[in-house]
Amino acid sequence: MTRTAFDQPIVFFGMGSYLSRSVLAHLISNGWNIQAIVRAISPYTKNKPPNFFRFHEGLAKKIQALLDTLSSPIDQSPLLHLAHKNKIDYVEVWDVNHPSMQAFLKSVEPELILIVNFTHLLSAETLRIPSNTIINVHPSLLPNYRGPSPLFWMMKKGETDFGVTIHLVDDKEDHGDILYQEKFSIPVGITFQELDHTITNMVVNNIETILQNVFDKTLTCFPQTAVQQTRHSRPQYDDFALDTSLPANKVFTFITSMHSVYQLFVKINQEKFEIEKPIAYELDSVFPYDYFLQGDSLVFRCNPGSVEVKLKSAPS
């Protein structure tokens, strides 16, 4: 009997993000052969063995009991929820290159590993395990903004052109040949949820065609250019400070998109103000002061324009 693309064993690497769980749920519901789900646990801990959930009746009951303790399993532990619902083996990893994890992957004999939001880099030995290839989904226009948290850095730097790249994985971070890339422009005031959903829809609408082409050996790809390649590390606390040298519309959009994820703040004349949420911005008017504070409302100057925010707490 001839095997189709839907028969090829796939191992899914992801986390609990909306993008990760949406792509996984889409592939499962459309009949793709997901043999195992691997979730990265933070922080990365070298040589810490993985936690395996190999499905059989006794374990399934224990997992159901665990899920029953959660008020919203699909939100609080979405990959485990999908694994349990569809009787798929599930692994939590602190070190994806641990020998027992590599042994597990070899036992599954995957044709392909699909990575959608994953915080660990794969070693040369792990890269050799799938018989076909490894594909990664990255939410930027590679080679720009390689590395973790590209959405944060694009917003921080006031970018307006965003995008998603699906590429082959090689021995360098976010470096392999590109299978699919799409650009989109963001509106002023976009939220993180809106940004996340836009990227997710792009991936969901294209991932099956890419997988089909991989298994049919009809895919086309192109190398990443070395021109204008950039990489940023995971943001630290000092990176959450607003850059008021940017125009007000870009500062405002950084706040609308990231305040629900990070504790943003603005430093003005050696004073630090923690932000609860954005209120408004003015781009064309000239604001004559460094800042104006009234209760828990702060207006501060940008370049050009001004932004108004609600503070986490009113200064005493």
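Student: Which residues does Ile178 touch, not counting residues up to four places away in sequence?
Tutor: This is a predicted model, in which local features need pLDDT of at least 70, side-chain atom pairs count only at pLDDT 80 or more, and totals for chains, interfaces and linings use all residues. Residues are numbered from 1 along each chain as its sequence is written, and side-chain values use heavy atoms, with hydrogens and water left out. With contact taken as heavy atoms within 4.5 Å, the residues that Ile178 touches are Leu142, Thr165, Ile166, His167, Thr220, Cys221, Phe222 and Gln224.

Student: Does Ile178 count as buried or exposed?
Tutor: Buried means under 20% relative accessible area, exposed over 50%, and partly exposed in between, with a 1.4 Å probe and protein chains only. Because its relative accessibility is 2%, Ile178 counts as buried.

Student: What distance separates the C-alpha atoms of Ile178 and His167?
Tutor: Ile178 lies in strand 8; strands (E, at least two residues) and helices (H or I, at least four) are DSSP runs numbered from the N terminus. His167 is eleven residues from Ile178 along the chain, and their C-alpha atoms are separated by 4.2 Å.

Student: Which strands are the edge strands of the eight-stranded open sheet?
Tutor: The sheet has mixed pairing and the order 3-4-2-1-5-6-7-8, where two strands pair if DSSP finds at least two bridges between them. Each edge strand pairs on one side only, and these are strand 3 (51–53) and strand 8 (178–185).

Student: Which residue in strand 5 is the bridge partner of Gly14?
Tutor: Strand 1 (residues 10–14) and strand 5 (residues 112–116) run parallel and are joined by five bridges. In strand 5, the partner of Gly14 is Val116.

Student: At what angle do the axes of helix 1 and helix 8 cross?
Tutor: Axes are lines fitted to C-alpha atoms, for helices over the stretch in contact, and angles run from 0 to 180 degrees between N-to-C directions. The axes of helix 1 (residues 18–29) and helix 8 (residues 192–216) come within 9 Å, and the crossing angle is roughly 35°.
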